[in-house]
Amino acid sequence: MSKKKERIMELDIFRSFAIMAVLFIHATSTTLATTKGTSSYYPFLFINTFSKFAVPVFIFLSGFVLFYNYLDRPLNKAMLKSFYTKRLLYILVPYILFSVFYFILNTYVKGKLGLPFTQLAHDFGLQLLKGTAHTHLYYVIIMLQLYIVFPLFLWWFQKQRSILPWVAIIGLAIQWLYVYLYKYGFHLPEAGVYRTGIRLPLPKGSVAFSYMSFYLFGAFIAAYYSQLKKWLIVTREGFKSSKGIIWLLVWVAWLAVGIINVNLFYVLNTRGSNINTLWYELMWDVHSLLSCIVLMQISYLIYWHGWRWLSAALTSMGACSFGIFLFHPALLFLYRKIPAHGGSVEYAARIAGGWVVALGISWVIVYIAFRYVSWSWIFFGTAPKRPQKPTEDNTVKLNM
């Protein structure tokens, strides 16, 4: 029988940073078109582009959680039944319900609710399969793909333990083979353009191969967590040793690569650029991989050395992150209906207000639902476990 793993409470703080980054992207999504050519453009571009580690770090965390919990468990029928039952209940059911909600909302806004029911059902079915009922739901489609291939990776890694030191490299190889083939080998059909090669049923960013480096990097950290933990936890004593130099190099590299990535897009969007698009992909990939490490370190720092109220607040936000992710676009939609007036300062305040409203209200709603409504999982996924109550299973909880 496999030994129970320690519960890593810091992961909820990690989730809180990831969900805040998601909302930074969505809150500033309209600013890039409206501020182009003004002095406000670069700050908004910086926030939007620098935060694009959001989905990769969530996928890294999912890979970490899955392999941390299951790598030493027997892969059998009972395990697979339990695994897929949880995902169907806590991921797929909320996804379907919110897809219905956003489909109705967007169809109403477009004035198409009067279309024949068969046409609406057909359109909804396609959007449900592709994760396009709203712009953010593609993430769930990615996760469902990763859940499908997870038992295959788990079987491989359990059968050939010698492959574990190489899983992060394997992830990079799979992702970059896909990126290269997508650029030079196969594409989605475009209107009026005929392309040869394989035609994918989903956009590039909705295919799990686009994120395989993050997923298997999470698997690598999970496999060697007991050895790597001392490198992930930043301490005063560690800074006095060689670890401190490595930590500083990682943080400087994270900032530097993120800034380079932002400036690549700034030049492209303002003056045009002939730089191969693979460089944009590389900068995003490296920045996102470094973000996985940096955010884990920040999470450990806050959990162990930060103010208790801050740690508690971020832990709560992270525990509610899937519900916040699903619900916040509806709040942004309503918020943007409020008439806007004033100059650049007022505009910046309005964008910041959208971030605060979407995050704060969705967090409060999801928290209250989890606390007082026993069936809230139908809409928001797994309810956070209460630390004061003993649990039967001490593994890392399912969420995002």
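This report walks through aromatic pairs, the nonpolar core and a few helices of a predicted model.

## Aromatic pairs

Let us start with the rings. The model holds 47 aromatic pairs. Tyrosine 70 and phenylalanine 150 are both buried.

Ring pairs join Tyr70 and Phe150 into a cluster with Phe67, Phe83, Tyr84, Tyr147, Phe153, Trp156, Phe157 and Tyr215. Two arginines come into this picture as well. Arginine 73 lies over the face of tyrosine 70, 4.8 Å from the ring centre, while arginine 87 places its charged end over the ring of tyrosine 147, at 5.4 Å from the centre of that ring.

## The nonpolar core

The largest nonpolar core has 109 residues. Which of its residues touch the most other members? They are Ile59, Phe64, Phe67, Phe150, Phe157 and Tyr215.

Isoleucine 59 is worth a look of its own. Setting aside neighbours within four places in sequence, isoleucine 59 is in contact with Tyr139, Ile142, Met143, Leu146, Tyr211, Phe214 and Tyr215.

Helix H15 (residues 321–335) is built from 15 residues and reaches 20 Å from its first C-alpha to its last, close to the expected 21 Å. There is a bend of about 40 degrees in H15 at phenylalanine 327, and proline 329 follows within four residues. Is H15 enclosed or open? Of its 15 residues, 13 are buried, so H15 is largely enclosed by the rest of the structure.

Helix H6 (residues 117–130), with 14 residues, reaches 20 Å from its first C-alpha to its last, close to the 20 Å expected. After H6 comes glycine 131, which has a positive phi near 70 degrees.

## Around phenylalanine 379

Our last stop is phenylalanine 379, found in helix H17 (residues 377–380). This residue is partly exposed, with a relative accessible area of 33%.

Which residues does phenylalanine 379 touch, not counting those up to four places away in sequence? They are Pro94, Leu97, Phe98 and Leu326. Leucine 326 lies 53 residues from phenylalanine 379 along the chain, and their C-alpha atoms are separated by 8.6 Å.

How values were computed: Residues are numbered from 1 along each chain as its sequence is written. This is a predicted model: local features need pLDDT of at least 70, side-chain atom pairs count only at pLDDT 80 or more; totals for chains, interfaces and linings use all residues. Side-chain values use heavy atoms; hydrogens and water are left out. Rings of Phe, Tyr and Trp (its six-membered ring) pair if their centres lie within 6.5 Å; planes under 30 degrees apart count as stacked, over 60 as edge-to-face and the rest as tilted. Buried means under 20% relative accessible area, exposed over 50%, partly exposed in between (1.4 Å probe, protein chains only). A charge sits over a ring if NZ of Lys or CZ of Arg is within 6 Å of the ring centre and within 35 degrees of the ring normal. A nonpolar core is a set of buried Ala, Val, Leu, Ile, Met, Phe, Trp, Tyr and Cys residues joined through side-chain atoms within 4.5 Å. Contact means heavy atoms within 4.5 Å. Helices (H or I, at least four residues) and strands (E, at least two) are DSSP runs, numbered from the N terminus. The expected span of a helix is 1.5 Å times one less than its number of residues. The bend at a residue is the angle between axes fitted to the seven residues ending there and the seven starting there.
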